[in-house]
Amino acid sequence: MSEVIRYGMVGGGNGAFIGEVHRQSARLSGQFQLVCGAFSSQADESLQWGLALGLSSERCYPDFQTMIEAENRLPTNQRMQCVVIVTPNHLHLPVARAAIKAGLHVISDKPATINLQECRELAELLADNKSLYALTHPYTAYPMIKEARDRVARGELGEVRKVIVEYMQGWLANRVEGEGHKQASWRTDPNRAGISCCIGDIGVHAFNIAEYVSGLETVSLSAELNRIVPGRQLDDDGTALLKFKNGASGILIASQICSGEENNLRLRIYGERGGLDWRQEEPNSLWLKFNDQSAQLLRAGTAWLGDSAKGNTRLPAGHPEGYLEAFANIYRNFAEHLNNNSNNKNPESDAFPGIREALRGMAFIETSVFSSEQNNAWLEFPKLL
């Protein structure tokens, strides 16, 4: 049995949505144990939340610097081995930098940093150290997304010609950040979120899944970002036209002001012979469509799927697997790589998202904002490390 990885969490205190997602997913993976945390910028709140999670008071820290220093003084068989970052975006690099310099591994919520320059700094830091780094883009870990990626790679659709990805939500249709909504307040604040709200929050997920499944890299884009709700400093709606390396074109739509929408992420890819269609709200189903035969509905958990889909499936057919299970797949794959290939810092991209995806995601966010500021100009995708 693989060694259980001891981790500490930064952020994720009372009222934080994504912190509990990470904790549940880590438990579900069966390979992680929460041993410490700095859960809030308020020392008392961090202590109370840590105690509520079952931690001892001496391992509930007032800030991440104190946590890293104190944990590294503990015996090696007790101290944390990995830091999980679930703070607002502006703290992602400071926490990751401190963890990596202390010889710790890192699992970070997306985006990796607040801007592309910071992300390049993170990439250079990782190249000079032994830390393993994962970025939680969970949608790539759904079983039927694994299946879709494999079928595109095998050429079942033929050469990819068109990619359409949509991510629609309605939770920011009104100015809830002015009503004490914790998640909205920091995501719409440029000091904590960075230069984008909608594109940086959900558009980057859509971009990531489009490149992941198609196997294509974006080479240029034209974007229009909008601030629909009066008084917002950052975008809450956006559209980008994408041009891929093989000449294929794409459309990316991301919006958080679509009233009535919940978490409607949809991906469609069309090749010269066929197409596919997947929706996150119906994650166990993948449609394949062709001009010369009936459409095929593939279902998760069935025997005729590929090894990658099977390897990321936890339940028999007919039992829905969703967001938490996909998150847990990233945690499990990270743990297995750490335990079995500790000297290999470059796992195959199918294992879990890492610094490559971090760089491409930040480049997408910045290029989209810059394009929109220049009247939707077509801009080349920046060269990355």
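Is R175 buried, partly exposed or exposed? With a relative accessibility of 39%, R175 counts as partly exposed, where buried means under 20% relative accessible area, exposed means over 50% and partly exposed lies in between (1.4 Å probe, protein chains only). This is a predicted model, in which local features need pLDDT of at least 70 and side-chain atom pairs count only at pLDDT 80 or more, while totals for chains, interfaces and linings use all residues. Residues are numbered from 1 along each chain as its sequence is written, and side-chain values use heavy atoms, with hydrogens and water left out.

**Strand β1 and its partners**

- Strand β1 covers residues 5-11, and seven of its seven residues are buried; helices (H or I, at least four residues) and strands (E, at least two) are DSSP runs, numbered from the N terminus.
- Strand β2 (residues 32-38) runs parallel to β1 and is joined to it by six bridges, given that two strands pair if DSSP finds at least two bridges between them.
- From β1 the chain passes through helix α1 (residues 17-29) to reach β2, in a β-α-β crossover that is right-handed, a term that applies if, with the strands pointing away from the viewer, the path from the first strand over the helix to the second runs clockwise.
- Strand β3 (residues 82-86) also pairs with β1 in the parallel sense, over five bridges.
- Residue M9 has G37 as its bridge partner in β2, and M9 stands opposite V84 in β3.

**Salt bridges around E177**

- The structure holds 21 salt bridges, each being a side-chain nitrogen of Lys or Arg within 4 Å of a carboxyl oxygen of Asp or Glu.
- E177, which counts as buried at 14% relative accessibility, meets the side chain of R175 in a salt bridge of 3.9 Å, N to O.
- A salt bridge of 2.7 Å, N to O, is formed by the side chains of R232 and E177.
- This pair links distant parts of the chain, 55 residues apart, with R232 in the loop between β7 (218-226) and β8 (237-244) and E177 in the loop between β6 (160-168) and α7 (182-187).
- R232 is buried, with a relative accessible area of 6%.

**Salt bridges involving helices, and a network**

- The side chains of D201 and R187 meet in a salt bridge of 3.3 Å, N to O.
- Because D201 lies in helix α9 (residues 198-214) and R187 in helix α7, the pair ties together parts that are 14 residues apart in sequence.
- D201 counts as buried at 11% relative accessibility, and R187 is buried with a relative accessible area of 11%.
- Salt bridges that share partners join E211, E217, R356, E357 and R360 into one network.
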